[in-house]
Amino acid sequence: SRGARPRRLRAPARQAGQTLVMSLHDISLAARIADHALRLFGNGRVSHGTCSDILNRETPEALYKQPLETVATASGPAWLPR
């Protein structure tokens, strides 16, 4: 079901009062799993914040230098090249 896998990852860490850190290159997966994101640009710039704040269409387009289309899916948003 939607969110079952992310809960399996997050629940043990939250119960133990720990933070789970992942390195992902798929922003669609990050949006489904993560609460917060850190984005590293090739020029040394970084941005961070909640996924809902920084994973919108404009910011992934700036990161990847590619026009993207946001698609609503049962698992959450996904970004596809235009």
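The lining of the largest pocket divides into 15 nonpolar, five polar and five charged residues. Here Ala, Val, Leu, Ile, Met, Phe, Trp, Tyr, Cys and Pro count as nonpolar; Asp, Glu, Lys and Arg count as charged; the others, Gly among them, count as polar. This is a predicted model: local features need pLDDT of at least 70, side-chain atom pairs count only at pLDDT 80 or more, and totals for chains, interfaces and linings use all residues. Residues are numbered from 1 along each chain as its sequence is written, and side-chain values use heavy atoms, with hydrogens and water left out.

**The largest pocket**

- The largest pocket holds about 780 Å³ of space.
- A pocket is found on a 1 Å grid over the protein atoms alone: it is an open set of points where a 1.4 Å probe fits, with protein on both sides within 12 Å along at least five of seven lines.
- Lining residues have an atom within 4 Å of a point.
- Grid points are joined across faces, edges and corners, and the volume is the space filled by probe spheres set on the points.
- The lining of the largest pocket has 25 residues. Met-22, Ala-34, His-36, Ala-37 and Leu-38 lie nearest the pocket centre.
- Helix 1 (4–15), helix 2 (27–33), strand 1 (36–40) and helix 4 (58–64) each give at least two residues to this lining.
- Strand 1 provides the largest share, five residues.

**The chain as a whole**

- The protein chain has four helices and four strands. Helices (H or I, at least four residues) and strands (E, at least two) are DSSP runs, numbered from the N terminus.
- Along the sequence, the pattern reads α-α-β-β-α-α-β-β.
- The C-alpha atoms fill a box of roughly 40 × 30 × 20 Å, taken along the principal axes.
- Of the 82 residues in the protein chain, 24% are buried. Buried means under 20% relative accessible area, exposed means over 50%, and partly exposed lies in between (1.4 Å probe, protein chains only).
- Take the contacts with a separation of 6 or more: residues 24 or more positions apart account for 27% of them. A contact means heavy atoms within 4.5 Å.

**Strands 1 and 2**

- Strand 1 and strand 2 (residues 46–50) run antiparallel and are joined by five bridges. Two strands pair if DSSP finds at least two bridges between them.
- His-36 has Thr-50 as its bridge partner in strand 2. Ala-37 is partnered by Gly-49 in strand 2.
- Strand 1 has two faces: Ala-37 and Arg-39 are on the covered one, while His-36, Leu-38 and Leu-40 are on the uncovered one.
- The two strands form a hairpin with five residues between them.
- Gly-44 sits in the loop between strand 1 and strand 2. Its phi is positive, about 95 degrees.
- Gly-44 counts as exposed because its relative accessible area is 59%.
- The C-alpha atoms of Gly-44 and Ala-11 are 33 residues apart along the chain and separated by 33 Å.

**Ser-47 in strand 2**

- Ser-47 lies in strand 2. Ser-47 counts as buried because its relative accessible area is 14%.
- The side chain of Ser-47 makes a polar contact of 2.6 Å with the side chain of Arg-39. A polar contact is a pair of N or O atoms within 3.5 Å; within protein, one must be able to donate a hydrogen and the other to accept it, and residues adjacent in sequence count only if both atoms are side-chain atoms.
- Beyond its neighbours within four places in sequence, Ser-47 touches Ala-37, Leu-38, Arg-39, Phe-41 and Ile-54.

- Glu-61 lies in helix 4. Glu-61 counts as buried because its relative accessibility is 18%.
- The side chains of Glu-61 and Arg-82 are joined by a polar contact of 3.0 Å.
- Setting aside neighbours within four places in sequence, Glu-61 is in contact with Gln-66, Pro-67, Leu-68 and Arg-82.
- Lys-65 is in the loop between helix 4 and strand 3. Lys-65 is not a glycine, yet its phi is positive, about 50 degrees.
- Lys-65 is exposed, at a relative accessible area of 74%.
- Leu-68 belongs to strand 3 (residues 68–73). Leu-68 is buried, with 6% relative accessibility.
- The C-alpha atoms of Leu-68 and Arg-45 are separated by 21 Å, with the two residues 23 apart along the chain.
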